[in-house]
Amino acid sequence: MPPPQRPTRLTGQDHGHAIRAEGLTKRFGDKKALAGVDLEASAGTVLGVLGPNGAGKTTTVRILSTLLRPDSGRAWMAGRDVLKDPEGVRENLGLSGQYAAVDEKLTGRENLYLVARLYGMRRSTARRRAAELLARFRLEDAADKPSGTFSGGMRRRLDLAGALVARPAVVVLDEPTTGLDPRGRADTWVSIQELVAAGTTVLLTTQYLEEADQLADSIVVIDQGKVIARGSAAQLKARVGGERLTLTVGNSQAYTRTYEVLDALGPHRPELDTRTGRFTVATERGAQTLEHALSCLRLAGIAVQEVELAPPTLDDAFLALTGQPATGPQGPPEEHEYPPAGSPPDASAETPAEQTVQLLATGRRP
Ligand SMILES: Nc1ncnc2c1ncn2[C@@H]1O[C@H](COP(=O)(O)OP(=O)(O)O)[C@@H](O)[C@H]1O
Ligand SMILES: [Mg+2]
């Protein structure tokens, strides 16, 4: 794939970062959605914004994409000031929403063609670009069917393709895999990795620790509008630990001894849920640690009932980083994404699709 058309232009104020935000705050009535968010990403890297539902991810994304004004704070995208030069930002930005902004009546090809035309491409160029992206996102077979008939994973890929039509320097993806099955998630990951390999800077929000770990060079963990941890994926993983070993022992008389055995496995403290009798401990070496734990417990004469090894969840990460579970409600995304917030330029665009079209239309150079 060719590199982004417009190289990232960096100014002094963004400190050489393709994405940079300083002290972003935003209130909705009584609700403080953002309480001073700072983040940055170097050109050509992936920044993961990880947090539970309601943490402030979409609000951050909307501010960085010029769809919402912050109450205070500043931000730069691809060297352009989000508040002073929103048009400049939009010209360099690809946005893919939490809810795929795809017109269901149009075919996949027509959706992409429309976006290309909105960016001011000639008909022939728009047709070519649509065909290229359909091939790249493995959508060729379904390209001429109405996108309303697409699976969730296909819609996300189409939405992602739409964000790339104009070869933006910076791409913002708001929970690109939420609600997808494992196959759809894996497909989307591959697409994002290809994008990054081509030199694009990506900001990706997610509720999945594993996803941030797979895709992001640096990660910002947010909760209740505040950054609670930041670092490289490796640094964060070192703090959170690897796969979780979970096991139950039948006899509560054996709890103390079991705790000691698990505690001796490595640097991470085991946790015991006394209600369920379930022990959990982060491991450094997954299956090897599991085998070692089982043989130690056998030697100690402790009968293990159930045992499981699983990648750390967002909850595990919050526990490890803050000592507390995530505060946001878990589960499917809330319904008020992209509300008509009454602040320009989104006042008239009530659906994600309209907002995207408006964003594209206003982002286009006359
Ligand atoms: N337009 C809005 N009106 C009122 N509250 C909002 C609005 N948008 C977001 N919020 C609130 O702000 C907080 C952050 O929301 P959001 O940025 O959507 O979080 P996330 O994307 O991480 O789930 C939540 O408590 C949410 O309820
Ligand atoms: Mg959101």
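The following legends describe close-up views of a predicted model. Local features need pLDDT of at least 70, side-chain atom pairs count only at pLDDT 80 or more, and totals for chains, interfaces and linings use all residues. Residues are numbered from 1 along each chain as its sequence is written, while chains are lettered from A and ligands numbered from 1 in the order in which they are written.

**View 1. The protein chain and its confidence.** The chain contains 12 helices and 14 strands; helices (H or I, at least four residues) and strands (E, at least two) are DSSP runs, numbered from the N terminus. Its pLDDT (the predictor's confidence in each residue, from 0 to 100) averages 84, and 84% of the residues score at least 70. Values stay under 50 over residues 1-5 and over residues 331-366. For residues 331-366 the model has 57 contacts beyond four places in sequence, a contact being a pair of residues whose C-beta atoms, placed from the backbone, lie within 7 Å. Where pLDDT is low, the predicted coordinates should not be read in detail.

View 2. All 5 of the 5 residues of β3 (residues 46-50) are buried, so the strand is largely enclosed by the rest of the structure. A residue is buried if 20 or more other C-beta atoms lie within 10 Å of its own, exposed if 12 or fewer, and partly exposed in between, with C-beta atoms placed from the backbone. Val46, Gly48 and Leu50 lie on one side of β3, and Leu47 and Val49 on the other. Strand β8 (residues 201-206) runs parallel to β3 and is joined to it by 5 bridges; strands pair if DSSP finds at least two bridges between them. Within this pairing, Val46 has Val202 as its bridge partner. Strand β9 (residues 218-223) is also parallel to β3, through 4 bridges, and there Gly48 is partnered by Ile219.

**View 3. Helix α3 and the residue that follows.** Of the 11 residues in α3 (residues 108-118), 8 are buried. Among them are Arg109, Asn111, Leu112 and Tyr113. Gly120, which follows the helix, has a positive phi, near 90°.

**View 4. The packing of α9 against α10.** Helix α9 (residues 255-263) and helix α10 (residues 286-299) pack at an angle of about 145°, with axes 10 Å apart. Axes are lines fitted to C-alpha atoms, for helices over the stretch in contact, and angles run from 0 to 180 degrees between N-to-C directions. Thr258, Val261 and Leu262 of α9 meet Ala293, Cys296 and Leu297 of α10.

Key
Contact = placed C-beta atoms within 7 Å.
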